Amino acid sequence: MVKSIKSILFATDLTPNCQPALDFTLAVATRFNATIYMLNVIEKLPENMDDRLKDLLGSHQWEKLVASHKTHARKSLLGKQSTNSVIREAIHNFCKTEGIDVDACEFNAHEIIVSDGELLEDIIKHAEENVCDMIVIGGHQSSMFSKTSMSGTAKGLLKKSKIPVTVVPAVDS
């Protein structure tokens with residue numbers, strides 16, 4: 001029996017490379033009436049670098065800078081709208097573009113998550129916490145040196161995840 005997809009974790013680094021992955025996530029969510037969790041992980045700097053920057057800027061200024069970056073990431077994902085309306089609008093636009101009856105475009109928007117930590121571990125942690133059935137990430141554009149390789153994040157997810165992982169290739173510009 002085929003397992004249905006009830007919830008999807010879409011992990012994004014907020015670059016244009018993630019647009020095809022977002023489109024794919026919206027298509028799957030629409031098809032299965034699935035809940036979408038959007039995740040942006042702000043990777044922690046190595047401890048020695050973090051300490052150096054705190055010493056250079058001052059602890060208070062460093063904390064303000066980190067908080068500002070989190071706020072910027074959240075605003076990039078949300079704009080000034082609620083999570084539910086942002087995702088609903090994206091689904092509506094996707095269905096309209098694809099010629100799908102807007103009334104047939106059902107899904108459940110749940111939340112946008114901005115976390116700071118280790119990229120791979122945070123993606124897996126949030127997928128497990130939200131009982132996701134699938135993880136979707138965007139691939140990066142190929143360079144001359146990486147035409148046959150996959151990102152470390154994608155490889156790590158494929159190796160460590162207990163649920164399906166879909167890597168959607170970026171569109172070459």
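**Contacts and burial in the predicted model**

Asn130 touches Ser7, Tyr37, Glu111 and Ile113, leaving aside residues up to four places away in sequence; contact means heavy atoms within 4.5 Å. The model is predicted, so local features need pLDDT of at least 70 and side-chain atom pairs count only at pLDDT 80 or more, while totals for chains, interfaces and linings use all residues. Residues are numbered from 1 along each chain as its sequence is written, and side-chain values use heavy atoms, without hydrogens and water.

Asn130 lies in the loop between H5 and S4. Helices (H or I, at least four residues) and strands (E, at least two) are DSSP runs, numbered from the N terminus. Asn130 counts as buried because its relative accessibility is 16%. Buried means under 20% relative accessible area, exposed over 50%, and partly exposed in between (1.4 Å probe, protein chains only).

Ser7, a contact of Asn130, belongs to strand S1 (residues 7–11). Five of the five residues of S1 are buried. Ser7, Leu9 and Ala11 point one way from S1, and Ile8 and Phe10 point the other way. S1 pairs with strand S4 (residues 134–138) in the parallel sense, over four bridges. Two strands pair if DSSP finds at least two bridges between them. Ala11 stands opposite Ile137 in S4.

In H6 (residues 152–160), Ala154, Gly156 and Leu157 are buried. They lie on the same side of H6 because they cover an arc of only 165° around the axis. This arc is that of the directions from the helix axis to the C-beta atoms. Gly152 and Lys159, on the other side of H6, are exposed.
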